[in-house]
Amino acid sequence: MAVDLKAMFNVDEAAIQDAMDILRPFENLVPIVIEGNEVMLPENNSLWRGMQFWGLMTGQISIDFGLFCIAGTCKNCKSRIRRPGEDRKLSVLACQTMAEPGIEITRLPQGFRFVQKLY
Ligand code: FES
C-alpha cells in the first residue's frame, strides 16, 4: 500500500486494521464523487467496500449493514453512477462495480447515508 492512511486520515492502527480486513490489496486511493462530495476510495475494490472504507476513515458514510449481502445477489445496493466523460447515468450494483477514478455516484442505495461533517 503506497498511501499512509494513518497520516492521511489521522486514524489509529485499529481503524486501519479494520479497513484492511475488508479490502482487497491496493496501492492508491482514487477520487470519486458521491452525491456531490469528493471522496478517495481504494482502487482494486468495489464501490461498496470503498464506501465502507471511507466511513471507517472519516465517519462520513453510515451503512445499514443488515440490508446487504455484499455478494451480488440481494440487489439492494443498486446505485446510479456516471462514468467520467459520459452523460448518461447507469444503474449498477455497488458491490459488483469497481472504484475507478472520476466515477460519480449520483444516487446512493437505500441504507447508505452520506453525513456532512461540520468543521
Ligand atoms: S449488496 Fe447485495 S447485491 Fe450488492
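**Exercise 1. How many helices and strands does the protein have, and how do they run from the N terminus on?**

Before you start: this is a predicted model, where local features need pLDDT of at least 70, side-chain atom pairs count only at pLDDT 80 or more, and totals for chains, interfaces and linings use all residues. Residues are numbered from 1 along each chain as its sequence is written.

Step 1. Look for DSSP runs: helices are H or I with at least four residues, strands are E with at least two, and both are numbered from the N terminus.

Step 2. Count them up, and you get three helices and seven strands.

Step 3. Read them off in order: α-α-β-β-α-β-β-β-β-β.

**Exercise 2. Find proline 42 and decide: is this residue buried or exposed?**

Step 1. Proline 42 sits in strand 2, which covers residues 37–42.

Step 2. Recall the cut-offs: buried takes 20 or more other C-beta atoms within 10 Å of the residue's own, exposed takes 12 or fewer, and partly exposed is in between, with C-beta atoms placed from the backbone.

Step 3. Proline 42 is buried because it has 25 C-beta neighbours inside 10 Å. Across the protein, 26% of the 119 residues count as buried.

**Exercise 3. Which residues does proline 42 touch, leaving out those up to four places away in sequence?**

Step 1. A contact needs two C-beta atoms, placed from the backbone, within 7 Å.

Step 2. That gives Leu23, Phe26, Leu29, Gly50, Phe53 and Ala99.

Step 3. Now try proline 101: it is 59 residues from proline 42 along the chain, and their C-alpha atoms are separated by 9.9 Å.
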